[in-house]
Amino acid sequence: MNLIASDLSFSYGKDAIVQNISLNLEPGTLTALVGRNGSGKSTLLRLLQGQYPPDSGEIFVGGVPLGKCRERVALMPQRNSIQWHFPITVSELVSLGRIGGSQSGCCDLAAALQRVGLSELASKRLDALSGGQQQRTLLARTLMQSAQVFLLDEPCSALDPPSREAFLVLVRQLADAGYTFFVSSHDWGESLNVYDRVIVLDNIVLADGSPEDVRKELGAIPSMGNHCCG
């Protein structure tokens, strides 16, 4: 299912956070949203999920206005938004994903855990998980919702390189299965060789295209360089 946004703008008071953002996220694609801290990435994701009303612009999911189908779009928050010391298990946290969508979701608990490789850790407490396992738990919770478009907010932040690579491979497999993923990151390097498309944001869209094309385009901007957002 595709998500189309046209001319989105949003401000906090006099501060323009995102300006005139237009994009088309195609079904079964994995797109990176890259930008420095404060570039508007998290705000844009929340606009696309319907948490914030835009000052101007429109959003359609599968041709339907977002306001009539918010359940089609799921947002995975940053890991630091969860208190991992709570005495609950992986399966209990993942089950909470049903609250964000229909009771059926896109898969049941067992299927969600299996898809992210956590079946054997279902009864493990959250505070016993590694960083990579925590991120997969959040992804499984997100998959419990009745969505086709998934927005991931800085999912690889603070992960070590092997965990980051494993997580992105997992998301790539889910995109190949037909889901639409839009993943924010401040790390330019992790966008190469994984994503179908890279959108670079600095309150406005600076570049949009394949990783190779975007690298070439941004290389011509002295302030960006080869590691524009590292």
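The model is a predicted one. Helices H4 and H1 are both mostly covered, and a search of the whole structure for aromatic pairs finds five.

**Helix H4**

- Helix H4 comprises the 13 residues 131-143, which should span 18 Å at 1.5 Å a residue; the C-alpha atoms at its ends are 19 Å apart, in agreement with that expectation.
- Of the 13 residues in H4, 11 are buried.
- The buried set consists of Gly132, Gln133, Gln134, Gln135, Thr137, Leu138, Leu139, Ala140, Arg141, Thr142 and Leu143.
- Among the elements that cover these buried residues are three helices, namely H2 (90-95), H3 (109-115) and H5 (161-176).
- Strands also contribute to the cover of H4, including S6 (73-76), S7 (149-152) and S8 (180-185).

**Helix H1**

- Helix H1 spans residues 41-49, and eight of its nine residues are buried.
- Those buried residues are Lys41, Thr43, Leu44, Leu45, Arg46, Leu47, Leu48 and Gln49.
- Gly50 follows H1 and has a positive phi, near 90 degrees.

**Asn2**

- Asn2 is located in the segment that precedes strand S1 (3-12).
- Asn2 has a relative accessibility of 19% and therefore counts as buried, the cut-off being under 20%.
- Beyond its neighbours within four places in sequence, Asn2 is in contact with Asn24, Leu25, Glu26 and Pro27, and also with Phe60, Val61, Gly62 and Gly63.

**Aromatic pairs**

- Five aromatic pairs are found in the whole structure.
- In one of them, Phe10 and Tyr52, the ring centres are 5.3 Å apart and the planes lie at 10 degrees, so the pair is stacked.
- Because Phe10 belongs to strand S1 and Tyr52 to the loop between H1 and strand S4 (56-61), this pair ties together parts that are 42 residues apart in sequence.
- Phe10 counts as buried at 8% relative accessibility, whereas Tyr52 is partly exposed, with a relative accessible area of 25%.
- Phe150 and Phe181 form another stacked aromatic pair, with 5.3 Å from centre to centre and 20 degrees between the planes.
- Phe150 lies in strand S7 and Phe181 in strand S8, so their pairing ties together parts that are 31 residues apart in sequence.
- Phe150 and Phe181 are both buried, and their strands, S7 and S8, are among the elements that cover H4.
- One aromatic cluster is formed by Phe10, Tyr12 and Tyr52.

Technical notes: Residues numbered from 1 in each chain as written. Predicted model: local features only at pLDDT ≥ 70, side-chain atom pairs only at ≥ 80, totals over all residues. Heavy atoms only, no water. Helix = DSSP H or I, 4+ residues; strand = E, 2+ residues; numbered from the N terminus. Expected span 1.5 Å × (residues − 1). Buried < 20%, exposed > 50% of the residue type's maximum accessible area, 1.4 Å probe, protein only. Contact = heavy atoms within 4.5 Å. Phe/Tyr/Trp six-rings, centres within 6.5 Å; stacked < 30°, edge-to-face > 60°.
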